Amino acid sequence: MPIQYYIYLCLALFSIGIIGVLTRRNAIVVFMCIELMLNAVNLLLVAFSKMHHGAALAIDSTTKAGIDGQLFVFFIMVVAAAEVSVGLAIIVMMYRNTHSVDINFLNRLKN
Amino acid sequence: MSTIQILFFFLTALALFSAIMVLVSKNPVHSVLWLIVVFFAISGHYVLLNAQFLAIVNLIVYAGAIMVLFLFVIMLMNLNSEAEPRKHIWMKMAGVISGGCFLMVLVSLVRQATDMQQRTALMGSGNVGLIKNLGKALFSDYVVPFEISSVLFLSAMVGAIVIGKK
Amino acid sequence: MSKLVYLVPLFPLLGFLINGLGRKSLSKTMVGIVGSGAILASFIVSLCIFFDVKEHGATVVNLFSFIRTESFSIPFAFQVDQLSSVFLLIITGIGFLIHLYSSAYMHEEPNEHFGRFFAYLNLFVFSMLLLVLGANYVIMFIGWEGVGLCSYLLIGFWFKNDNYNYAAKKAFVMNRIGDLGFLLAVFWLLFKLGTVTYGDVFANVAQLSTFDITAITMLLFVGAMGKSAQLPLYTWLPDAMAGPTPVSALIHAATMVTAGIYMIARSNILYTLAPATQTVIAVVGLATAIFAATIALKQNDIKKVLAYSTVSQLGYMFLGLGVGAYTGAVFHVMTHAFFKALLFLGAGSVIHAMHHEQDIRKMGGLKKYMPVTHITFLLACLAIAGIPPFSGFFSKDEILMAAYGKNPLYYYIGLGGALMTAFYMFRLYTMTFLGNFRGTHEQQHHLHESPSAMTIPLIVLAILSVAGGWIGIPDVMIEHGHQLEHFLAPVFAESAKLAEHHHLEASTEYMFMGVSTVAIIIVIILAVNAYRKYQDNGAENTGLGKVLENKWYIDELYDAVIVNPLNALAGFLKNVVEKSGIDGVVNGVGRLVGYGSRQLRLLQSGQVGNYILVMVLAMVVFVLIWFNDQTIMDFLSKIF
């Protein structure tokens, strides 16, 4: 598959994530859009990893080129999981205090 | 068109459609469900690229754990009502337009990038995505970041509990 | 020997540092020894240098590079030649006697102020030595400013008295006006010739146009006017009497006021080439001489009379410079230093005895109480009046003869001034020492001769006042009698070549001498007769006398013409320009910033969504800017 297809797909997913962040006010949906953007990047990393691997295989049949890209995805998932746990805890906190998940309620960086 | 191509376009269409549905669903629970569909489509892409380990992990961690967590929180808060405050229509327009511009500019950038011409991603073969090879790399070259990520997890856990207890 | 010339200013500088830093811990005796000893050491070195110069001629001693740039360099160098060595002797010699005298005169001051006084005196001498020794105009300017500073410090020595501070400020401001002229002249020289070193300037003087020379010399003369108290910048000198009497002696005799004479004598070639400036100098000098003499006729403060007499005598020196009699001017500086120092120290002795009473109307008959002071004061009066063979006669005669050669009118006016000098000096002498005592009984009871530390300088100076003129006896009287002229000849050689010579017939010269001497003696007899029986009847002066007593109302004139308009302008600037203009601008800027930030703050809404929106748009813009090439544009134009 031409790598450009993957790039376009990922850009589209990423942009949809951005639009979601910009247009929704529900904190949980915003959060989910961020996850969507992370996943778009993950997909792109895997695609590039396979692109490099394919290019390297033509020269050396035992090459491990491109493995770092996939490991990066792995670490991004780790960080995303940690982030989600903390982020959801914060949203729960916020809901407990304001009885709303509207991000516009968070326009004061105090209290 | 080969099977792989058919599968690719199908999965792509599914991912994009589901992603859009995430946005347009008014009910957050529906958004979560559509997002799980997106993750499944992306996992399908991983399989096409022969990144089997990541495909499985993506399903388990994202679609399984994280999205369940989301659902859990939404239901805990009883947000399934459609009471979400709506943004002003102009703000929405502005968001869509700026996001569109962003997409447009990046796409045009990629189109004129000569480096990306004639490059392909290896489909269905190649062994870097196998769990054996990834595991070897993870426990040899990447062992330190791996261990550090466990510390990160621990601290995230502690942080979540501290925040949640207040 | 000339290599050691740096020792001459070094000793007073060390004395200044020791006395200045140790003024609280050193005893008065110690301070006196350090202060006077430093000057004595300088004097000894100066003597050695004088004889060295006499034998080996002039030299320039380079110490270090002071300012060096691409286009010019100013070395820190000392000019050791006939002119500077003569001035060194005057400054350190008279300076030492005044220091010695001060150690007794100022003994009533508290320990700390005593040390401060000697520190200032030493700094004063140091500055003056620097001024005289500098081998270029910049070094001279350092000394020039130092002298101005020290005069300010010493005139305002008793700083608890507001009037004294006012006098000090006046001296400083007047000097600054002159200094500006000096500075402009130095810049002009640097601009035109690229050097300020005497040797180079005088050698390249032909490169300057007549206009340049005239302008430079006029500006230098403005500087000299300020320092040497000529019309119209003379008013600070009489007010400078606010300082302790030894300071007056130092300012009037050894340092400060002679700086202007020295500077012009040093630049004699420039002045010889600028006849217009010379005429100005002669006229200003003559006018000052007459003007100050008329004021001195009616002053009643013993020090004020002497102050105006100094201004008048300085006028003679400038007359001498103006008519090209440089040697005569330097000669008069020297003799004037002797008898004016003597007069001031004598006056100080009288004031000391009278418990700081300075009004001569309350004195009289001091002859029998203070014999040494009386005799020395009388000798000084004879010297300044110009009675042969006292020193003043020879120097004044030389200047007047040169003036006659230039323009007989100068001579007659100058002679009139000399007669006035004789009159007011003997009025002063008579009212102070002859007649009956007019002070209180308590003062009379305490009258005493001053201690020997004060009388010894008086005696030494008296000898010099009498005999000091004998090194400059006119050639018509004794062949090669004018040793000073022969000694100084190399310094003025270039000027002498250019100047036209007017040799008076010996008989004419004798006739003038005789006539002037007889006239002066008659005036002296008149003065003594008029004031011997003086009684203070409290009568006010009327008419011209009142005008003279009030110094021609010059201070009032300056107040009305310069000071008050300046004050009004300053008030206007303060109340109107400052308040509504400057403050308005400053406050306006402050308000503008405040308003702008209030408006700008609205952007910072706290709505995270807005921030992200702006961020995304910014990313778009950045991508467009960074990858701004045809393909993107083509693609975008295809879409839209």
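**Exercise 1. Work out how the annotated spans of chain B look in the model.**

Start with the record: the unreviewed UniProt entry puts "transmembrane region" at residues 6–24, 31–49, 55–77, 89–110 and 142–163 of chain B. UniProt positions follow the numbering used here, feature names are shortened, and annotations may be inferred rather than shown by experiment. Before going on, note that this is a predicted model, in which local features need pLDDT of at least 70, side-chain atom pairs count only at pLDDT 80 or more, and totals for chains, interfaces and linings use all residues. Residues are numbered from 1 along each chain as its sequence is written, while chains are lettered from A and ligands numbered from 1 in the order in which they are written.

Now take two of the spans. Residues 31–49 of chain B are 95% helix and 0% strand, with end C-alpha atoms 27 Å apart. For residues 55–77 of chain B you get 100% helix and 0% strand, and 31 Å between the end C-alpha atoms. Helices (H or I, at least four residues) and strands (E, at least two) are DSSP runs, numbered from the N terminus.

Then zoom out: chain B has six helices and zero strands. Of its 166 residues, 31% count as buried (20 or more other C-beta atoms within 10 Å of a residue's own; exposed means 12 or fewer, partly exposed in between, with C-beta atoms placed from the backbone).

**Exercise 2. Find two positive phi values in chain B and describe their surroundings.**

First stop, B:N50: its phi is near 65°, positive in a residue other than glycine. B:N50 belongs to the loop between helix 2 (28–48) and helix 3 (52–77) of chain B. With 19 other C-beta atoms within 10 Å, B:N50 is partly exposed.

Second stop, B:Q118: phi is near 65° here, again positive and not in a glycine. B:Q118 sits in the loop between helix 4 (89–111) and helix 5 (131–139) of chain B. It has 9 C-beta neighbours inside 10 Å, so B:Q118 counts as exposed.

**Exercise 3. Take apart the side of chain A that touches chain B.**

Count first: 60 residues from chain A and 68 residues from chain B take part in the contact (C-beta atoms, placed from the backbone, within 7 Å). On the chain A side, helix 1 (3–23), helix 2 (27–57) and helix 3 (67–98) each supply at least two residues. Helix 3 of chain A gives the largest share, 21 residues.

Next, sort the chain A side by type: 43 nonpolar, 12 polar and five charged. Here Ala, Val, Leu, Ile, Met, Phe, Trp, Tyr, Cys and Pro are nonpolar, Asp, Glu, Lys and Arg are charged, and the others, Gly among them, are polar.

Key. Contact = placed C-beta atoms within 7 Å.
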